[in-house]
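Hello,

Here is the structure I promised to pass on. Please look it over first, then read my notes below.

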Amino acid sequence: MRRDQERDQCRSARVDPGADRFPSGLYDAVLLDRDGTLVEDVPYNGDPEKVRPVPGAREALDRLRAAGLRLAVVTNQSGLARGCFTAHDLRLVNARVEELLGPFDHWAICPHAEADGCACRKPAPGLVHEAATALGTTPTRCVLIGDIGADTAAAAAAGAAAIMVPTPATRAAEVAAAPTVAADLPDAVGIVLARMRLTAAPQPVRRSRRGTVLVVRSDAAGDVLVTGPGIRAVAAGAQRVVLLCGPRGRAAAELLPGVDEIIEAPLPWIDAPAPPVDPGAVRALTDRLAAVRAGEAVVFTSFHQSALPLALLLRLAGVPRISAISDDYPGSLLDVRHRVPAGVPEPERALSLAAAAGFALPDHDEPALRIRTDRLPAPAAGAGARGYVVLHPGSSVETRACPEELAARVVRVLGAAGYRVVVTGGPDERELTARVAAAGGVDLGGRTGLDELAAVIAGAGALVVGNTGPAHLAAALGVPVVSLFAPTVPFGQWGPYRVPTVRLGDAGAPCRDTRATACPVPGHPCLSAVEPGRVLEALRLLGVPAPVAGGVAG
C-alpha cells in the first residue's frame, strides 16, 4: 500500500510533459538495465528480430532526454561467455534497441559469466562506475532503473539511487528490499522527474535576503544530519542561520556547515521520551525565538511529525514568514505550506522544503550529507590509510540495533579474514561493546563523543551498523556502509544517502513499516538470521580490502 501511495503521489507531482526541463542538482544521468527493463527479456538473445520494447519505453526515454539527462545502458550479457551468441550478434541486438528506443550516450556491458568473479557483473558496481565516468559524472548523481535485485544492489554499492520495476520473474524478497518500486518504466521515469522537480527551486532564488533565517530540526543526531543539505541551501541564501534543535541533536548540529548559532530546546511534541509541557518553558522559548529577530523561518520535520505547534510559537515570536511541510490544514500559521510524496529520501525531503521556500544549493554544492571535518579531533578526517572496519552494534532504538550475538560473530569472521575491527558505542553501551569486542575487536565503547566518533569513522574502510545515526555520519564522510537495516522504517527514506552501501537483513520481515521501537517479533529475526559471512561479502563488494597495519583515530 505504501508503495502504491508513493507512486500515485509522485505521479501527481509531475510537471506537464512540455515542462520536464528544470534546474536541479539531483541527477545528471539515468542508467537502465536492458533485458526486462527496456525490452522484453528473451534469455541469451542474439537475434535483433526478437527485440520488443516494453510498453511506453520510447516516450519515457524521450522525457528523460528532454529533461537534459544523459542515458546509459548497464547490462550483464553472460551469453557471450557461455557462447550463446557472438560479439557481433550483441552489437546487432543493441543497435536494434537504439533503432526502436533512440540513442543512448553509453553502453556498459559485462561479458563475463558469474563464475568469472569479475568486478563488473551486477550486483558488483563496476558497470555503474564505468557508465558514470563515460557520462562525465559520478555514481551519486545517477539513478539506475532495473528489474531485479542485482540492479538495485549494484546501484547502492556505487552510491547511486535506484528504482525497481518488477516483472513476474522478480523475486518478492528483491522487491521488498528495493528502495523505490515503480509499476512500469514510464512510472519510474515519472518518479525520477518528480524528485528532480521537488528539489528544484520553483522561482529564481533570491540572492539577497533579510539578514537572519531561523531553521528548525529537532529530534536525534541522525535526523539533524539528514537535514543538512536543506540547511546548507538556506545558508546559501541567508546572511545568518540560527538552528533550533533538541538536546539529542545538539552534537550533530555543531558539525553542520552553514549554521552560525544554535538554540537548544526540547520540544514536547517532537522529543521522545516527551518532556511535560511546561508553560514557563514555552514562554521562555517564545521569548528566545523573538530575540533572534529572524526575517523568516524554515521548519524541517520528519515525515511523521507536525510543524504546526512550533509554527504557532513562531507566530507569537513575531516571525513574519514561515515555511514548513504540512498535510494538515495550517490556517494562518504557515506562509509556505509544502507537501511531499511518501517515500522520498529524508535529505531530499528537506531540500524540497528549502526549494519551496526559495532557497537552493549553489551549483558547486552536491546534495549530499556533509559535516565540518575541521571540527573533528586529530587525526584529521580522511588522514592516512583506512586501516580498519568500524562496527557500531547499538542504537537508541532497540529495533534498529544489531543483535549482540551477530555482532560478536561478525567481529570473529572479519578478524579471521584479516580485518581489524573497531567496536564503538555510547557511554550507556560500554558493557555491550566490551562483550562484542571480546571476540577480537578493539573496544572504543563510551570513549567517543559524536565528533570523536566521526573521526574514527572517517579513518575506516567501512562502517557496519544498523539504521541509526552513525550510518548518516558515515554517509556525510563518504565512508561505505554495510547496513544491517531493520525494516521498521522504509529503507528508501532512511537508508544511508549517496554513499556506497550494501543492505543486509530481511526486508520483508513482519516488523516492516511498523515504526516499532521494541521488537514485535521475539529474537529480532529480521537481523539475527544474517550470516556474518554476508558482511564479509559486502565488504568485498564495496571494494574494502583487508587492511594493512595502521592506527585508530581517537
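**The open sheet**

Six strands form an open sheet, in the order E14-E13-E12-E15-E16-E17, and the pairing is parallel. Strand E14 (442-443) and E17 stand at the edges. Each has a single partner strand, so one side of each is left without a neighbour in the sheet. Please keep in mind that this is a predicted model.

Strand E13 (residues 421-423) runs parallel to E14, and 2 bridges join them. Val422 has Val442 in E14 as its bridge partner.

Strand E16 (residues 481-484) pairs with E17 in the parallel sense, over 4 bridges. Val481 has Thr501 in E17 as its bridge partner.

Which way do the residues of strand E17 (residues 501-504) point? Thr501 and Arg503 point one way, and Val502 and Leu504 point the other way. All of them are buried.

The largest pocket holds about 1,200 Å³ of space. Of the 42 residues that line the largest pocket, Ala220, Arg248, Ser396, Val397 and Thr468 are the closest to its centre. Helix H9 (221-226), helix H17 (450-458) and helix H18 (469-477) are the elements that give two or more residues to this lining. By class, the lining of the largest pocket has 17 nonpolar, 17 polar and 8 charged residues.

The second largest pocket holds about 960 Å³. It brings us back to E17. This second largest pocket is lined by 36 residues, and Ala153, Val502, Arg503, Leu504 and Arg534 lie nearest its centre. At least two lining residues each come from H6, H7, E17, helix H20 (525-528) and helix H21 (532-541). The lining of the second largest pocket divides into 22 nonpolar, 6 polar and 8 charged residues.

**Cavities**

Rolling a probe the size of a water molecule over the atoms shows where empty space is left. How many cavities of 30 Å³ or more does the structure hold? There are 5.

About 390 Å³ of space lies in the largest cavity. The largest cavity is lined by 29 residues. Nearest its centre lie Ala160, Ala161, Ala162, Pro179 and Pro496. The elements that give two or more residues to this lining are strand E4 (142-146), helix H6 (149-158), strand E5 (161-164), helix H8 (185-198), helix H14 (346-356) and helix H19 (491-494). By class, the lining of the largest cavity has 17 nonpolar, 8 polar and 4 charged residues.

**Two single residues**

Glu174 is found in helix H7 (residues 172-177). Is Glu174 buried or exposed? Its relative accessibility is 15%. The cut-off for buried is under 20%, so Glu174 counts as buried. A polar atom of the Glu174 side chain lies 3.3 Å from the backbone nitrogen of Gly149. Leaving aside neighbours within four places in sequence, Glu174 is in contact with Ile148, Gly149 and Met164.

Gly56 is found in the loop between strand E1 (29-32) and helix H2 (57-66). At 31% relative accessibility, Gly56 counts as partly exposed. Gly56 and Leu38 are 18 residues apart in sequence. In space they are 9.5 Å apart, C-alpha to C-alpha.

Best wishes

Methods. Residues are numbered from 1 along each chain as its sequence is written. This is a predicted model: local features need pLDDT of at least 70, side-chain atom pairs count only at pLDDT 80 or more; totals for chains, interfaces and linings use all residues. Side-chain values use heavy atoms; hydrogens and water are left out. Buried means under 20% relative accessible area, exposed over 50%, partly exposed in between (1.4 Å probe, protein chains only). Two strands pair if DSSP finds at least two bridges between them. On a 1 Å grid over the protein atoms alone, a cavity is a set of points where a 1.4 Å probe fits but cannot get out, and a pocket is an open set with protein on both sides within 12 Å along at least five of seven lines; lining residues have an atom within 4 Å of a point. Grid points are joined across faces, edges and corners, and a volume is the space filled by probe spheres set on the points. Ala, Val, Leu, Ile, Met, Phe, Trp, Tyr, Cys and Pro count as nonpolar, Asp, Glu, Lys and Arg as charged, and the others, Gly among them, as polar. A polar contact is a pair of N or O atoms within 3.5 Å; within protein, one must be able to donate a hydrogen and the other to accept it, and residues adjacent in sequence count only if both atoms are side-chain atoms. Contact means heavy atoms within 4.5 Å.
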